[in-house]
Amino acid sequence: MKKLLLIALIAFGAWNYYQKQSTPKPIAEPATRVLPDYTMPIQKARDVATKMSFRCDGRQHCSQMNSRAEAEYFLRNCPDTKMDGDRDGIPCENDSRW
């Protein structure tokens with residue numbers, strides 16, 4: 001009975017060791033995801049806005065804008081604009097003029 005218990009214990013240890021050795025180990029760590037820098041277009045829009053001196057004057061729609069920079073200024077700085085239907089921060093995406 002002791003021999004049977006000893007054999008079962010050795011078999012269990014060997015099986016456990018085999019399971020640990022047969023699991024694949026990662027070759028390398030997964031790469032960290034780098035998100036795009038969205039601050040550059042915002043800064044560019046602000047620079048253009050200061051050069052062109054845009055101001056909120058009640059315009060709300062893409063058809064009333066003269067440039068993409070003007071639309072970005074209005075979206076970020078003026079209330080009640082209706083230029084970003086999907087609310088992703090990019091105005092007038094379907095406007096083919098720019």
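## Exercises on a predicted model

The side chains of aspartate 95 and arginine 97 meet in a salt bridge, with N and O 2.9 Å apart. Keep in mind that this is a predicted model. Let's work through it together.

### Exercise 1: Two ends of one bridge

**Task.** Decide whether aspartate 95 and arginine 97 are each buried, partly exposed or exposed.

**Solution.** 
- Step 1: Recall the cut-offs: buried is under 20% relative accessible area, exposed is over 50%, and partly exposed lies in between.
- Step 2: Aspartate 95 has a relative accessible area of 16%, so it is buried.
- Step 3: Arginine 97 has a relative accessible area of 45%, so it is partly exposed.

### Exercise 2: Finding the network

**Task.** Find out how many salt bridges the structure holds, and which residues are linked in a network of them.

**Solution.** 
- Step 1: The count for the structure is 3 salt bridges.
- Step 2: Start at arginine 59, which forms a salt bridge with aspartate 57; their closest N and O atoms are 3.0 Å apart.
- Step 3: Arginine 59 also meets the side chain of glutamate 70 in a salt bridge, at 2.6 Å from N to O. This pair links distant parts of the chain: arginine 59 sits in the loop between helix H2 (39-52) and H3, while glutamate 70 is in helix H3, 11 residues apart.
- Step 4: Put together, Asp57, Arg59 and Glu70 form a network of salt bridges.
- Step 5: Now check the surroundings. Aspartate 57 is partly exposed because its relative accessible area is 43%. Glutamate 70 counts as buried, because its relative accessibility is 4%.

### Exercise 3: The surroundings of methionine 83

**Task.** Work out where methionine 83 lies, why it counts as buried, and which residues it touches.

**Solution.** 
- Step 1: Locate the residue. Methionine 83 lies in the segment after helix H3 (68-77).
- Step 2: Its relative accessibility is 5%, so methionine 83 counts as buried.
- Step 3: Look for its contacts, leaving out residues up to four places away in sequence. Methionine 83 touches several residues, including Cys62, Met65, Phe74 and Cys92.
- Step 4: Turn to one of these partners. With the neighbours within four places in sequence again set aside, methionine 65 is in contact with Met83, and its other contacts include Arg59, Glu70 and Arg97.
- Step 5: The largest nonpolar core has 10 residues, among them Met65, Met83, Phe74 and Cys92.
- Step 6: Return to aspartate 95. Methionine 83 and aspartate 95 are 12 residues apart in sequence, and their C-alpha atoms are 9.9 Å apart in space.

### Exercise 4: Two positive phi angles

**Task.** Arginine 87 and cysteine 92 both have a positive phi. Is each residue buried or exposed?

**Solution.** 
- Step 1: Arginine 87 is not a glycine, yet its phi is positive, at about 55°. Cysteine 92 is also a residue other than glycine, and its phi is near 55°.
- Step 2: Arginine 87 is found in the segment after H3, and cysteine 92 lies in the segment after H3 too.
- Step 3: Arginine 87 counts as exposed because its relative accessibility is 75%. Cysteine 92 has 3% relative accessibility, so it counts as buried.

### Exercise 5: The whole chain

**Task.** How many helices and strands does the protein chain have, and what share of its residues is buried?

**Solution.** 
- Step 1: The protein chain has 3 helices and 0 strands, following the pattern α-α-α along the sequence.
- Step 2: Of the 98 residues in the protein chain, 20% are buried.
- Step 3: The accessible surface of the protein chain is about 8,600 Å², and 59% of this belongs to carbon and sulfur atoms.

How values were computed. Residues are numbered from 1 along each chain as its sequence is written. This is a predicted model: local features need pLDDT of at least 70, side-chain atom pairs count only at pLDDT 80 or more; totals for chains, interfaces and linings use all residues. Side-chain values use heavy atoms; hydrogens and water are left out. Helices (H or I, at least four residues) and strands (E, at least two) are DSSP runs, numbered from the N terminus. Buried means under 20% relative accessible area, exposed over 50%, partly exposed in between (1.4 Å probe, protein chains only). Contact means heavy atoms within 4.5 Å. A nonpolar core is a set of buried Ala, Val, Leu, Ile, Met, Phe, Trp, Tyr and Cys residues joined through side-chain atoms within 4.5 Å. A salt bridge is a side-chain nitrogen of Lys or Arg within 4 Å of a carboxyl oxygen of Asp or Glu. Accessible areas come from the Shrake-Rupley method with a 1.4 Å probe; for residues, only the protein chains shown count as cover.
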